[in-house]
Amino acid sequence: MRIVRTALLCAIVGLFLGGSGGSATGDTLPVIRVGILTSTTDAPLWIADRYGYFKDEGLSVQFLTFSSGEQMIAPLSTGQLDVGGGSAAASLYNAVARGADVRLVADLGSDPPGYGFNQMIVRADLVKSGKYKSIKDAKGLTIATNALEVRRRRNW
């Protein structure tokens, strides 16, 4: 847990100090606006906040919920959001190509050999009853996701 705490604090503090150049005055803690997807990937951020790690470092974190990382690009580009976590997508590359002052500074998740990054959570009753044993059993079940990728069919 110490490694997660240190990595999160370095990323958040580094982004704040590098991006805004502000400092706390008096008893007011600087507010860091963090874009999240409310997925399991965000769990370390919620845990760090719950245990007061940000406050211990003199920061106040405000979580703003988005349905995809792509939706964070415009607020990041205009300064309405200080930090965002999501997948690199075309919107990020397009924003950078247009001169948006954003930086990729930390890995929110990785997929090293032997470990899986993407998780799927299945209701316990489906597993206990034997209705769900493997991914093949997901056919016909309702599956939730944070954002659907829309692809157009091309007839070439």
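How many aromatic pairs does a search of the whole structure find? The search turns up two, and one of them gets its own view below.

A note on the model: this is a predicted structure, in which local features need pLDDT of at least 70, side-chain atom pairs count only at pLDDT 80 or more, and totals for chains, interfaces and linings use all residues. Residues are numbered from 1 along each chain as its sequence is written, and side-chain values use heavy atoms, with hydrogens and water left out.

View 1. Helices here are DSSP runs of H or I with at least four residues, strands are runs of E with at least two, and both are numbered from the N terminus. Walk along the sequence and you get α-β-α-α-β-α-β-α-α. Of the 156 residues, 25% count as buried; buried is under 20% relative accessible area, exposed is over 50%, and partly exposed is in between (1.4 Å probe, protein chains only). The protein exposes about 11,700 Å², with carbon and sulfur atoms supplying 53% of that. These areas come from the Shrake-Rupley method with a 1.4 Å probe, and for residues only the protein chains shown count as cover. Take the contacts (heavy atoms within 4.5 Å) with a separation of 6 or more: 59% of them join residues 24 or more positions apart.

**View 2. The largest nonpolar core, made of eleven residues.** The members are I32, V34, I36, L45, A48, Y53, F54, L59, V61, F63 and V83. To count as a core, buried Ala, Val, Leu, Ile, Met, Phe, Trp, Tyr and Cys residues must be joined through side-chain atoms within 4.5 Å. Two or more residues come from each of β1 (31–36), α2 (43–50), α3 (53–56) and β2 (60–65). Strand β1 gives the most, with three residues. A second, separate core holds ten residues, including M72, L92, A100 and V102. As a rule, nonpolar side chains in soluble globular proteins tend to be buried together.

**View 3. F63 and its contacts.** Which residues does F63 contact, leaving aside its neighbours within four places in sequence? They are V34, I36, L45, W46, D49 and F54. F63 itself belongs to the largest core.

**View 4. Y51 and Y53, a stacked pair.** The ring centres sit 5.9 Å apart and the planes are at 20°, so this pair is stacked. Rings of Phe, Tyr and Trp (its six-membered ring) pair if their centres lie within 6.5 Å; planes under 30 degrees apart are stacked, over 60 edge-to-face, and the rest tilted. Y51 is exposed at 59% relative accessible area, whereas Y53 is buried at 14%. Y53 is also a member of the largest nonpolar core.

**View 5. The salt bridge between D82 and R33.** A salt bridge is a side-chain nitrogen of Lys or Arg within 4 Å of a carboxyl oxygen of Asp or Glu, and the count by this rule is three. In this one the closest N and O atoms are 3.0 Å apart. D82 lies in the loop between α4 (73–78) and β3 (83–84) and R33 in strand β1, so the pair ties together parts that are 49 residues apart in sequence. Both ends are partly exposed: D82 has 24% relative accessibility and R33 has 25%.

**View 6. Two further salt bridges, R103 with D101 and D125 with R123.** For R103 and D101 the closest N and O atoms are 2.9 Å apart. R103 is exposed at 59%, and D101 is exposed at 63%. For D125 and R123 the closest N and O atoms are 2.9 Å apart. D125 is partly exposed at 42%, while R123 is exposed at 52%.

**View 7. A nonpolar surface patch of M120, I135 and I143.** Together these residues have about 310 Å² of accessible area. Patches take residues with over 30% relative accessible area and no salt bridge, joining like charges within 9 Å and nonpolar side chains (Val, Leu, Ile, Met, Phe, Trp, Tyr) within 5 Å. I143 is in the segment after α6 (124–128) and is exposed, with 54% relative accessibility.

View 8. Leaving aside neighbours within four places in sequence, S91 contacts E70 and I73. S68 and T38 are 30 residues apart in sequence and 9.8 Å apart in space, C-alpha to C-alpha.
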